[in-house]
Amino acid sequence: MSAGRRERGFTLAGMLIAVALFGGGLAAYGELASHAAQREKERDLLFVGNQIRQAIGAYYERSPGGAKRFPQTLEDLLEDKRYPMAQRYLRRLYPDPVTGKPEWGLIAAPGGGGIMGVHSLSQAAPIKSGGFDARDSALAGAARYADWQFSYAPR
């Protein structure tokens, strides 16, 4: 066997190793980018969920008259028509950041008296499992995003 043929064999083997390493690097980068995107969606879900929880709480606490009421629909948070001048608790209805859809799971108030909270409809498993703020401590260890519930509990 000539020296030229052996060198071509080593070159081919070297190129195959380089392609394999490059492919592995791309796969690792793709995984990293995917996790970063999912973490961003989780941060958005926490923000939006807490905005809706606060809006429901404001709607409930500012009920006119003696009886406190929860909103009947999420649209009630955009324009509360119980007052002569409409009150606004949210600027807009946010889509679920995880699913990207405008639908939310609704948490009914006790006795069916309106909506006391929302949750994502995603069945995907979250990356974040701990280190939540005190108001979100119940989310720790949730198996899926649908278990991340943002509800207002009157005191």
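In the predicted model, W148 touches residues from several stretches of the sequence, not counting those up to four places away: E42, L45, L46, V118, H119, S120, P126, K128, F132, L139 and A142. W148 is also among the residues with the most contacts inside the largest nonpolar core, together with I52 and L77. This core has 29 residues. Helix α1 (3-61) and strand β2 each supply at least two residues of the core, and the largest share, nine residues, comes from α1.

The aromatic side chains were examined next. A pair of aromatic rings is described by the distance of the centres and the angle of the planes. With ring centres required to lie within 6.5 Å, the count comes to five aromatic pairs. In one of them, formed by Y145 and W148, the centres are 5.3 Å apart and the planes stand at 80°, so the pair is edge-to-face, the class assigned to angles over 60 degrees. Both Y145 and W148 are buried. Elsewhere, ring pairs join Y60, F70 and Y152 into a cluster.

R82 is placed over the face of Y59, at 3.7 Å from the ring centre. K128, one of the residues touched by W148, lies over the face of F132, at 4.9 Å from the ring centre. F132 is likewise in the list of residues that W148 touches.

S122 is found in the loop between β2 (115-119) and β3 (149-151). The relative accessible area of S122 is 10%, so this residue is buried, the limit being 20%. Beyond its neighbours within four places in sequence, S122 is in contact with D96, V98, T99, R144, Y145 and A146.

In strand β1 (residues 105-108) lies I107. This residue has a relative accessibility of 14% and therefore counts as buried. With neighbours within four places in sequence left aside, I107 is in contact with G114, I115, M116, G117, V118, H119, Q149, F150 and S151. V118 and H119 are also touched by W148. The C-alpha atoms of I107 and Y152 are 9.8 Å apart in space, while the two residues are 45 residues apart in sequence. Y152 is a member of the ring cluster with Y60 and F70.

Conventions: Residues numbered from 1 in each chain as written. Predicted model: local features only at pLDDT ≥ 70, side-chain atom pairs only at ≥ 80, totals over all residues. Heavy atoms only, no water. Phe/Tyr/Trp six-rings, centres within 6.5 Å; stacked < 30°, edge-to-face > 60°. Buried < 20%, exposed > 50% of the residue type's maximum accessible area, 1.4 Å probe, protein only. Lys NZ or Arg CZ within 6 Å of the ring centre and 35° of its normal. Helix = DSSP H or I, 4+ residues; strand = E, 2+ residues; numbered from the N terminus. Contact = heavy atoms within 4.5 Å. Core = buried A, V, L, I, M, F, W, Y, C linked by side-chain atoms within 4.5 Å.
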